[in-house]
Amino acid sequence: MTDTAQAEKAKVHDEKEPDHHPYFRPKDAATLILVDRSGTIPKVLVGKRHDNVVFMPGKFVFPGGRVDKADYRVPCAAPVTAELEANLAKGSPKTPASRAKSLAIAAIREACEETGLCLGRRAEGKVPKLEGPWKPFADAGLLPDPSGLFLIARAITPPGRVKRFDTRFFTADASAIAHRVEGVVHADAELVELVWVELGSQPLADLHPMTRNVLNELDTRLATGPLRHDAPVPFFHFYGGKMHKDILG
């Protein structure tokens, strides 16, 4: 084996996530993929992670994270659409309406926290007092708006990992961005830069394999025209040591 081949093998081994931990129940999580369709080829927004973070340093990622207990209680400018709620309810066990809202709102919250981009709408009347991660919305006279979200895929981290997530991948059009918080992305932040990149371009080739699977699904759906809630929603999960793709129903 050549020195180069040995180095590549060592690199793959180092990057492989540990898979020997006891069973952990996956935590609900949400990821948001923002899409700009103003050009010939759709672009998606990715953020580059800091080189010093423990998980995926220096990698391009989409904003996302765990659902917070408070996400369900956040007032919204519009409800989750019935079609999105129905898609989120698919699978077993069935996701109740309250959890569906939490998942959609978590995607919006994480995007604002990590990128400074807020998906919202002007509130009618006095804006309710919002604190913590929602304060930028209140300061801009906005309430979060999940009505423009579409569910692209669901994926569960394989068993044996110390951190496991049951992630719903949402997408929304860039036109849904109503406000930008300055200073969120900088050299010492979790994300050091934001980049709009064309689907199929080189920066996306280095994404986590599961994220690439989801992007392929998004690319296929965008190629057929406007996003629709009645499109099949794939479910990526693992059993028998292999990844399986089912359609939620």
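A residue is taken as buried when its relative accessible area is under 20%, as exposed when that area is over 50%, and as partly exposed in between, with a 1.4 Å probe and protein chains only. By this criterion helix 3 is mostly covered, with 15 of its 19 residues buried. The structure is a predicted model, in which local features need pLDDT of at least 70 and side-chain atom pairs count only at pLDDT 80 or more, whereas totals for chains, interfaces and linings use all residues. Residues are numbered from 1 along each chain as its sequence is written, and side-chain values use heavy atoms, with hydrogens and water left out.

The secondary structure of the chain amounts to five helices and twelve strands, where helices (H or I, at least four residues) and strands (E, at least two) are DSSP runs numbered from the N terminus. Of the 249 residues of the chain, 43% count as buried. The chain exposes about 13,500 Å², of which carbon and sulfur atoms supply 53%, the accessible areas coming from the Shrake-Rupley method with a 1.4 Å probe. Among contacts (heavy atoms within 4.5 Å) with a separation of 6 or more, 68% involve residues 24 or more positions apart.

Helix 3 spans residues 97-115 and reaches 27 Å from its first C-alpha to its last, close to the 27 Å expected at 1.5 Å a residue; the expected span is 1.5 Å times one less than the number of residues. Just after this helix, Gly116 adopts a positive phi of about 80°.

Strand 5 (residues 117-122) pairs with strand 9 over three bridges in the antiparallel sense, and Leu119 stands opposite Ile177 in strand 9.

A further antiparallel pair is formed by strand 11 (residues 234-239) and strand 12 (residues 242-247), which are joined by six bridges. Pro234 has Ile247 of strand 12 as its bridge partner. The two strands form a hairpin with two residues between them, and Gly240 in the turn has a positive phi of about 65°.

Key:
Pairing = 2+ DSSP bridges.
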